[in-house]
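Hi there,

Here is the structure I promised to pass on. Have a look at it first, and then read my notes below.

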Amino acid sequence: MSLRQHLLRGLLRGGLATAVVTTTLILGAGEGKSEVLYTLTTQCSLKGEPSRACIVQAINEGESTLYRHKIGGDVLTVRVRDQPVRMDLWSKDSKSWVSLMRAEARFSTNTVCFNGKDLCVVNPNYLNSVLQERADVMKDRDLVMVHFGKDGRVDASCYDDGCDVVRK
């Protein structure tokens, strides 16, 4: 099973494994060969600010997929690992990966957000593929959210109104 298939299943079974951000320093840091999976020109926002043009590049990096978001002069990288699903954000300050607290996808706006509104990206291609591949699970649902524990693993997931519990 491909990493993409794992991510799609993880999204709907308690692991929102989607877009991830990386700096150019990270690209050389992984073991093995890097392979660009896709590049998407879209809209991103930081810290709840208005959306701006951005470029998202998904990179297969051994056992991880890196999602590099270039927003103006900023580059943010999210790393998705599976078995078990974990999501991390590269910290330029500490020069290390930091586990995400939560991630969510809202299908009505084609938006994926990390740690609340710290980083949001519009990715209709990915989210539409989730809806098509998992139509039975996603019928009449708009929001999927996961919360990550201190160890970086998924410790809670929810849909729609049930996410009020996860936000607490």
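Before the notes, one definition: a residue is called buried under 20% relative accessible area, exposed over 50%, and partly exposed in between, using a 1.4 Å probe and protein chains only. Keep in mind that this is a predicted model, where local features need pLDDT of at least 70, side-chain atom pairs count only at pLDDT 80 or more, and totals for chains, interfaces and linings use all residues. Residues are numbered from 1 along each chain as its sequence is written, and side-chain values use heavy atoms, with hydrogens and water left out.

First, the overall picture. The chain has 168 residues, and 46% of them count as buried. It contains 5 helices and 11 strands (DSSP runs numbered from the N terminus: H or I of at least four residues for helices, E of at least two for strands). Take the contacts (heavy atoms within 4.5 Å) between residues at least 6 apart in sequence: 50% of these join residues at least 24 apart.

Now for the loop between strand E1 (34-46) and strand E2 (52-61), which holds Lys47. Lys47 has a phi near 55°, a positive value in a residue that isn't glycine. Is Lys47 buried or exposed? It counts as exposed, because its relative accessibility is 63%. Ser51 sits in the loop between E1 and E2 too, but Ser51 is partly exposed, at 45% relative accessible area. Leaving aside residues up to four places away in sequence, Ser51 touches Gln43, Cys44 and Ser45. The C-alpha atoms of Ser51 and Val122 are 9.2 Å apart, although 71 residues separate the two along the chain.

Another positive phi turns up at Asp140, about 65°, and Asp140 is not a glycine either. You'll find Asp140 in the loop between helix H4 (135-138) and strand E10 (143-148). With a relative accessible area of 71%, Asp140 is exposed.

There's a cis peptide bond as well: the one from Gln83 to Pro84, with omega near -5°. Pro84 is in the loop between strand E4 (74-81) and strand E5 (86-91).

Last, take a look at helix H3 (residues 124-133). Which of its residues are buried? Tyr126, Leu127, Ser129 and Val130 are. They are on the same side of H3, because they cover an arc of only 155° around the axis (the arc is that of the directions from the helix axis to the C-beta atoms). Asn125 and Gln132, on the other side of H3, are exposed.

Happy browsing!
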